[in-house]
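The sequence and the model are shown below.

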Amino acid sequence: MSNLLYPAAPERVFEEKLQPSPAFRKQATKVVAAILLFLFTYITLLAGAILLAIGYGYAGVWMIIAWPNKLTLLLGAALIFLGLAVLYFLIKFIFARSKDEKPSRKEITEKEQPELFAFIRQLTKDTNTPFPKKIFLSPDVNACVFYHSSFWSMFLPVRKNLEIGLGLVNSVNLSEFKAVMAHEFGHFSQRSMKLGSFTYNANRIIYNMLYDNTGYNNFLSSVGSAHAFLALFANIAVGIATGIQSVLKAVYGVINKSYMALSRQMEYHADTVAASVAGGNNLVTALSRIEMAASCYEAALDAASEWLTDKKQVSTNIFSNQLSYFKGMALEYDLPVKNELPDITYEFVSSFGSSRINYSEQWASHPTLAQRKANMDDADMNVAPDETSAWQLFCNAALLQEQFTQGIYHGITSEHTTYSTQEFDQWVSKKIEDRQLPAAYKGYYDKRIIDPRETDLAAPSDAPPVNNFDELFNENNRQLWTSITSNQKDMALLKAFQAQDTGIKSFDFDGSKYNIDDCYTIIAQLEVEINTQLARQHQLDQQSFHFFLNHAGTRKEELQATFNQYKEQYIEQENRLQVLENLNKVLRSLIEDEISMAQRVQIKDQLEKEEQVKLKTLLEKLLTQQGSSMDERLTRLSQEFIASQYTYFDEYSGFNREELNTLVRLMNLLRDAWAGQQFAAYKNMLETQLHIYEQQRTGVRV
């Protein structure tokens, strides 16, 4: 145990903060009340169904005995069937067993991973929680507690399993890993987990009664097909079941809403448990890094699919590919790197814009990152991080990574070669380099494209000229666009509040409380603010361009030419996208169900003779412009499409799915390629003006 890799705990632990909060107890009480409501409703319905079955059974038997003939035999059997059918509807879901199965999971043993098991055993002692029943690994950026549940698990103890995602292990240091695992064990220790099990199963039973009735309906249909009498009573059974569903729908909403509120409190409590043994600061950095790690892992999976399709190559290590994107992020945003991991802080994640609206999302099961950080700040239990890689807890880490990488290619039988981590690193670096703008601008032009039609940068400006580079390109001016996009998102959210029945009655805006009816007022306020900000952004863009014009010396025409080239590219991009939009509309019309055969044939002709011809013209131009520098897959698909005579649909054989799918893939690739062309012109304009300025300022041609 002395050699156990196990980061230190905070020196100060406030035991009183580990007790369930008043909000936790309040929500737990509401869940108990909702569960009791469900039990009362269900028992009442079940009692009614039993009485109905007994009554109909007695009536059916009495009828058969009293008037024994073929008609009464059939009618009596139908009555018995009706009573049993309604009773069966109410009890059939009780005996279903839910297994939380995931094919990508792999169970591990202590013999295989002794250091990891020792780490977890120590952590369970520190958090005063039972050791997991089983431990599984998966490839995901995730960690969770799960268990197999049934109706009886609402009343009987169920041992929980632990899943550890290797995409998570790949993304955090040892202290952060400890914090995430402690959070999961915080769930183990909660008595509300029993409420969670109970509520989950109650929800599942109601949900199945409401929405998962295919087998039940098929059973009634098959019985009803035997005779008209039975069909009549089968329809009556369906009607009664529909009535039961309408009652349970209301109960379903009450239980689920109550449990979601409790779930948020459970997350806060589990976070506090994690802070007490691993440091709240380490949990916050883990949560911040995980947000980015998940997108990096998804990007690595998308790239794996692309390389497999385009080059018939597969990855040797998807987790190294995830790190390639992580390192690329560090390069793109100039983040420090520690043990191959970029230092992603809460402040960095928040720098992409934060909402001014705060509201209680009644259907959300987790608090926001900002809310969780505030909870950790209040807990005030921190400890310096151990930057050691979490992989140090795993034996044969490289082999595990390769095995789970092979798992993502399961079922692929075609011949292929492998690509190395170095090749992938270079590929990712090139993609990032292509979209990276000069660092001297301090992010001023990042994440946006100037519309040169609305913003004629070269036009005379009423704004006073700026003679200092740093007056234009600084953090305040960079944040302007972030604020604009954040305000636009807030306005869209408020409009969604108005348009949808979200159940939200009030919200906070800039720290003040408003009723949902006040949305109009805040939207109007935001519209004014956004228009003011856009006007300011336009002014800054003009001042910036005139700044470079005024410092271009004899190279003003060169600078103006790059702006005109970008403007032409922008306008051409609009026209090209319009062709794709028109083509997309025709495609949607072609596959529309509610049209006649004659209409479908007419649409197909329009697709072949008009929209397809326009697309081929654009493809020929793209091939001429880009030549060998064009993406291999796009080049191949473009050449094949130009040479083809796709028909997409035939009156006799129907749709040609292969041709339709090829066209959709081609359209998606084209959007990416054209966006790349537009951005290249944008980047060239910005690089040129900076190079000319540096040359004029230093007297050295750059």
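In this predicted model, strand β12 (residues 506-509) runs antiparallel to β10, and two bridges join these strands. One of the residue pairs involved is Ile357, whose bridge partner in β12 is Phe509. The strands belong to an open sheet of three strands, ordered β10-β12-β13 and paired in antiparallel fashion. Because β10 (357-358) and β13 (512-515) each have a single partner strand, they stand at the edges, and one side of each is left without a neighbour in the sheet.

**Helix α2**

Helix α2 covers residues 70-91. Its 22 residues, at 1.5 Å a residue, should span 32 Å, and the end C-alpha atoms are 31 Å apart, so the two values agree. At the start of α2, Asn69 places a side-chain oxygen within 2.8 Å of the backbone nitrogen of Thr72. As a general point, an α-helix has 3.6 residues a turn, so residues three or four places apart point the same way.

**The cavity and its lining**

Rolling a probe the size of a water molecule over the atoms shows where empty space is left. The structure holds one cavity of 30 Å³ or more, and about 40 Å³ of space lies in the largest cavity. The residues that line the largest cavity are Glu572, Arg576, Leu618, Lys621, Leu622, Gln625, Trp674 and Gln677.

The largest share of the lining, four residues, comes from α19. By class, the lining of the largest cavity has three nonpolar, two polar and three charged residues.

**Thr617 in helix α19**

Helix α19 also contains Thr617. Is this residue buried, partly exposed or exposed? Thr617 has 48% relative accessibility and therefore counts as partly exposed, since that class lies between under 20% for buried and over 50% for exposed. Thr617 and Ile642 are 25 residues apart in sequence, and their C-alpha atoms are 8.6 Å apart in space.

How values were computed: Residues numbered from 1 in each chain as written. Predicted model: local features only at pLDDT ≥ 70, side-chain atom pairs only at ≥ 80, totals over all residues. Heavy atoms only, no water. 1 Å grid on protein atoms, 1.4 Å probe; cavity = no way out; pocket = protein on both sides within 12 Å on 5 of 7 lines; lining within 4 Å. Points joined across faces, edges and corners; volume = space filled by probe spheres on them. Nonpolar A, V, L, I, M, F, W, Y, C, P; charged D, E, K, R; others polar. Expected span 1.5 Å × (residues − 1). Polar contact = N/O pair within 3.5 Å; in protein donor to acceptor, adjacent residues only side chain to side chain. Pairing = 2+ DSSP bridges. Buried < 20%, exposed > 50% of the residue type's maximum accessible area, 1.4 Å probe, protein only.
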